[in-house]
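Have a look at the picture, then read on.

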Amino acid sequence: MQVEVNPNEDTEWNDILRKHGIIPEKPQDPEPLIQEALIEAERKAHENRLEDKDLDELDALEDEEDEDFLNQYRQKRLAELSTINQTSIHNQVYGLSKPDFTREVTEASQSSFVCVNLTSSSSNNVESRLLSELWRRMAAKFGDIKFCEMRANMCIDGYPDRNTPTILVYHKGEIVRQCVTLMTLRGTGTRVEDLESMLVELGALKESDVRLKKKDDDEDDARPSAFKTKSSIRKSATVEDDDDDWD
């Protein structure tokens, strides 16, 4: 006669069977592990609660946070800003010519990330015009990254205009990202934040970079003015009318 055994029961008989390897060990209750993980996540969140604060926001917390704790983050932010200032040697978009490409891009990428915008030869290419404007904003914001621009058909003979703009990101002499047109981003809705996210993903920017601080502005404000929607233009006009009383 065969006796059925519930291996999950806590009985003396099951303990004997487990000891001799006849039935497997009882699975560990996951609840304590989950609770422990939640407590640890809350602890880390509390410790890192100032991680995304800039200097002004840290100053505003003087009445709420321990002074020594705040000073640690102030010093951290100042050190980050100092490093950014020292490495911000570009802050412009460099025009490229084919003979200089290897030196200005491939070789230059040994010391920093280099982003290349291969533009359209047509002024009717909306994506290309949009990226050129975003490129200038990115270059001014992230001077430690080299931003370059060149007509695609001057870089690669016979390069199809339909494939422009094309983004090439170089690091350590290699292409680490290639985007043919802006469709892999958000098309004509591409914003600075989309390019920033791409650079964070590639390691060109750190997620904690103080320059990535988000503003509480309308989403359309992150787009170049020439490419804003009609609704956002009407909204801006309304705000300007309201400001007339202050002139």
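In which sense do strand 2 and strand 4 pair, and over how many bridges? They pair in the antiparallel sense, over 5 bridges. Two strands count as paired here if DSSP finds at least two bridges between them. Within this pair, C115 stands opposite V169 of strand 4.

Before going further, some ground rules. This is a predicted model, where local features need pLDDT of at least 70 and side-chain atom pairs count only at pLDDT 80 or more, while totals for chains, interfaces and linings use all residues. Residues are numbered from 1 along each chain as its sequence is written, and side-chain values use heavy atoms, with hydrogens and water left out.

**The overall layout**

The protein chain has 9 helices and 5 strands. Helices (H or I, at least four residues) and strands (E, at least two) are DSSP runs, numbered from the N terminus. Of the 247 residues, 33% count as buried; buried means under 20% relative accessible area, exposed means over 50%, and partly exposed is in between (1.4 Å probe, protein chains only). A contact means heavy atoms within 4.5 Å. Among contacts between residues at least 6 apart in sequence, 62% join residues at least 24 apart.

The 5 strands form an open sheet in the order 1-3-2-4-5, with mixed pairing. Strand 1 and strand 5 (174–180) stand at the edges with a single partner strand each, so one side of each has no neighbour in the sheet. On average, neighbouring strands are turned by 25° against each other, direction ignored. Such angles come from axes, which are lines fitted to C-alpha atoms (for helices over the stretch in contact); angles run from 0 to 180 degrees between N-to-C directions.

Strand 4 and strand 5 run antiparallel and are joined by 6 bridges, with I175 in strand 5 as the bridge partner of Y170. These two strands form a hairpin with 2 residues between them, and K172 in the turn has a positive phi of about 55°.

Does its length fit what you'd expect, or how far apart are its ends? What we can say is that the 16 residues of helix 6 (residues 126–141) should span 22 Å at 1.5 Å a residue, and the end C-alpha atoms are 23 Å apart, which agrees. The expected span is 1.5 Å times one less than the number of residues.The buried residues of helix 6 include L130, L131, L134, W135 and M138. Among the elements covering the buried residues of helix 6 are strand 1 (93–95), strand 2 (114–119) and helix 8 (192–202). At the N-terminal end, N125 caps helix 6, with a side-chain oxygen 3.2 Å from the backbone nitrogen of E127.

Helix 8 lies across strand 2, strand 3, strand 4 and strand 5, and runs at about 150° to strand 5. V192, D194, L195, E196, M198, L199 and L202 are its buried residues, and they pack against strand 2, helix 6, strand 3, strand 4 and strand 5. Just after helix 8, G203 takes a positive phi of about 90°.

**Salt bridges**

Side chains of opposite charge can pair when their charged atoms come close. A salt bridge here is a side-chain nitrogen of Lys or Arg within 4 Å of a carboxyl oxygen of Asp or Glu. Searching the whole structure turns up 9 of them, and the table shows some.

| Pair | N to O distance |
|---|---|
| D157 and K98 | 4.0 Å |
| D100 and R103 | 3.3 Å |
| R211 and D209 | 2.7 Å |

The D157 and K98 pair links distant parts of the chain, 59 residues apart. D157 is in the loop between helix 7 (152–155) and strand 4, while K98 is in the loop between strand 1 and helix 5 (101–107). D157 is exposed, with a relative accessible area of 64%, whereas K98 is partly exposed at 44%.

How exposed are the other pairs? D100 is partly exposed at 26%, and R103 is partly exposed at 45%. By contrast, R211 is buried at 14% and D209 is buried at 15%. D100 and R103 also belong to a network of salt bridges that links D100, R103, E104 and K146.

Notes:
A polar contact is a pair of N or O atoms within 3.5 Å; within protein, one must be able to donate a hydrogen and the other to accept it, and residues adjacent in sequence count only if both atoms are side-chain atoms.
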